[in-house]
Amino acid sequence: MQFLVVDDQSTNRAILKWLLEEDGHEVIEAVDGAEAVAAYERNSECDVILMDVMMPVMDGIEATRQIKNRVSGDVYIPVIFLTALDDDEALSKCLASGGDDFLSKPYNEAVLKAKIAAHVRIRELTKQLAIQNKALTLHNSRWQREQNIVQHIFTTALQHNLSECGSLKSYVSPASTFNGDILLSAPSASGGLYVFLGDFTGHGLGASIGTLPIAHSFEQLTRRHMSVGEIAFEFNRMLNIMLPDYMFCAATILELSSKGDSIQIWIGGLPDGYLIAADGSLKDTIKSQNMPLGIERDSDFKKGFEVKNLAKGERVLFFTDGLDEAENPEGEFFTEERIRDCFHPGCENSLQCVLSRLKEFTQDAEQRDDISIVEVSSGEVQLARQDSNSIKPPVALNWELHTRLTAEEIKTTQPVEEIMSILGAQTILRPNKDVIGLLLAEIYSNALEHGILGLSSKLKKSEDGFMEYYQERQNRLDKLNEATIDIQIAIMDKGQKVLNIRMQDSGKGFEHSDILNSDQDDSFGRGITLLKRVCSRVDYLEGGCCIDLDFPIDQTAHLA
Amino acid sequence: MDAYWESTIVSNVTVKQDGDQVEITINGRFDFNILQEFRNAYAEATAPGLMYSIDLAQTEYIDSSALGMLLNMKNHLGVDDNSITIKNCQPNLMKIFTIAHFDKKFNFN
């Protein structure tokens, strides 16, 4: 320890010096106040100052004031007055100048050492505190900076929402800076509207993190015009990989048709959604049929969803559990029952009704979880210009795909599934991929069963024949040695964009006219009738060994 | 990517009778691979006056052999148009039933 001893009497200084050095301390001496101030300026690291009061040039009180003024920040430098004065006024002057303690002369050695020890302890504590404070300040500013960055990322990521859409009303209220709820909306390729509402386990930053990849891929998936069930499947897969086991996302995914007269809805783990009649009363409850996203394995995941028709003036309201579990000052929950009570005839704005009831109920109780409420109304979807521009279908390239299947491949592979995994990924084919899949499966089984295996579909006339037909199919397939099926698929411009499929088999051909004229109620020949209904052209060539057809790509309206 | 076509789906048929209601549920792909199973499902329950429903909620795919199988079922049971109901049909499958004009041959709900 370093001590500054200030006294005009050299004897006094000598005694203190001897006392302190005996304990292993270092001592600097000053003969008056002015010298003490100068000594402190040279040695601001000194630990304790022992100060006489009455000295020439500058007294101890003034010196203390000046030294304490020079002390920076949180540093504590104890000044202990050693004085012959003992009147209250003098002593209080000592303290007022910034002195920390005093001891009357003549002093007791043990008392002096005890006082010094006590003040040194305080100095050590304040030193540690200063170090910790500095670290904390640094940490805090770093955290602030990081929070700003993260907040910026979230704001940008969630800007993908529709700017304005009359079909969609919402209320979003996070419990803290970062929201574990996420609301997204996007136009659909057919002019409708997609809405996603998700609630991640917990709230705050941890819960928020999962919203980022969701926001990003929502845009991609809706652009590809996937069904709500398929979007759910993709999100589930993604969150399964990304999130720790204890985290998941309860969600509702909805697609409103362009005319606004029906919705497709998938609910996993969020509270019931409500279908509200035009007069404001409750018409139907839409229950969650699925586990939240991020739990189910791919193979167990159900892509099914509900379809509800919406009459004029009807609307659907759904929300996160922050709403039904909102607490009032007594700690009671808002409950689904109170929410349902909001839907009564004459209530035109269901969302507003729920909100004012909620406010009345919670009063100024602290909000514990994120709350989001969404209302989707019937009626034609009107998008702001910049949003409808964003869904213009991309100009599709014309391309071709060709494969020649050998007997071995015919026996062991799933060519239709493989080709469909390519075709299904094409944005322009996606809306009709189920029909295209059916088409391809039909002509492939014709080529295989009639062309190559030489089966007659007349066998399928009776129910037993139907069985026999498929048993025979397997028998002949097992024995198949040499055969090829050529599949050629192309996107072409023929006045309109068409998907051209040409399939040629190495078989003997078959009497396709029989099939084309088959009766509607026969259990066979249905496949070709289907082809005729959806294709603009179906030609059988080379005695039935080759089929060539055009499927107009843009026939959403016709098929719907 | 499009998991619908990529996934290898294990199909199965379950049948459940409750009074005069027979419910057949089809999981996965509805095509000729479940021909025998499907036939067994309705062949076991043929008392007169039974009402049949086919639940397609978990069905991911149908092809024309499925349409044939449905017609076979109707012919086999010799029931009228209202005795067989197809329920929980997803929109993508409904499109195929509509193209085949099956929406006029069976009850859908």
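Colleague: Let me start with A:Cys165: is this residue buried or exposed?

Modeller: The way to read this is to compare the relative accessible area with a cut-off, and buried means under 20%. A:Cys165 has a relative accessible area of 11%, so this cysteine is buried. Please keep in mind that we are looking at a predicted model.

Colleague: Why is the disulfide of A:Cys347 and A:Cys353 called right-handed?

Modeller: Look at the torsion about the S-S bond: for A:Cys347 and A:Cys353 the value is about 135 degrees, so the disulfide is right-handed.

Colleague: What about A:Gly346, where is that residue found?

Modeller: A:Gly346 sits in the loop of chain A between α10 (335-341) and α11 (350-362). Exposed means over 50% relative accessible area, and A:Gly346 counts as exposed because its relative accessibility is 63%.

Colleague: Could we try a residue in a helix? In which helix is the place of A:Arg13?

Modeller: A:Arg13 belongs to helix α1 of chain A, residues 10-22. With 11% relative accessibility, A:Arg13 counts as buried. To see its surroundings, leave out residues up to four places away in sequence; A:Arg13 then touches A:Val5, A:Asp7, A:Asp8, A:Glu29, A:Ala30 and A:Val31.

Colleague: Let's turn to chain B. How many helices and strands does chain B have?

Modeller: Chain B has 4 helices and 6 strands. Reading from the N terminus, the order of elements in chain B is α-β-β-α-β-β-α-β-α-β. Chain B has 109 residues, and 55% of them count as buried. For the fold, look at contacts in chain B with a separation of 6 or more: 66% of these join residues 24 or more positions apart.

Colleague: Now the two chains together. How much area do chain B and chain A bury between them?

Modeller: The general idea first: the size of an interface is often given as the accessible area lost when the parts come together. Here chain B and chain A bury about 3,500 Å² between them, and 58% of that lies on carbon and sulfur atoms. The contact involves 43 residues from chain A and 35 residues from chain B.

Colleague: How many salt bridges are there between chain B and chain A?

Modeller: There are 3 salt bridges between chain B and chain A. A:Glu417 forms a salt bridge with B:Arg29, where the closest N and O atoms are 2.7 Å apart. Polar contacts between chain B and chain A come to 4 residue pairs, both residues at pLDDT 80 or more.

Colleague: Which elements give two or more residues to the side of chain B that touches chain A?

Modeller: These are α1 (3-6), α2 (35-43), β4 (59-62), α3 (64-77) and α4 (91-99) of chain B. The largest share of that side, 8 residues, comes from α3(B). By residue type, the side of chain B that touches chain A divides into 17 nonpolar, 10 polar and 8 charged residues.

Technical notes
Residues are numbered from 1 along each chain as its sequence is written. Chains are lettered from A and ligands numbered from 1 in the order in which they are written. This is a predicted model: local features need pLDDT of at least 70, side-chain atom pairs count only at pLDDT 80 or more; totals for chains, interfaces and linings use all residues. Side-chain values use heavy atoms; hydrogens and water are left out. A disulfide is a pair of cysteine sulfur atoms within 2.5 Å. Buried means under 20% relative accessible area, exposed over 50%, partly exposed in between (1.4 Å probe, protein chains only). Contact means heavy atoms within 4.5 Å. Buried area is the accessible area (1.4 Å probe) that two parts lose on being put together, summed over both. A salt bridge is a side-chain nitrogen of Lys or Arg within 4 Å of a carboxyl oxygen of Asp or Glu. A polar contact is a pair of N or O atoms within 3.5 Å; within protein, one must be able to donate a hydrogen and the other to accept it, and residues adjacent in sequence count only if both atoms are side-chain atoms. Ala, Val, Leu, Ile, Met, Phe, Trp, Tyr, Cys and Pro count as nonpolar, Asp, Glu, Lys and Arg as charged, and the others, Gly among them, as polar.
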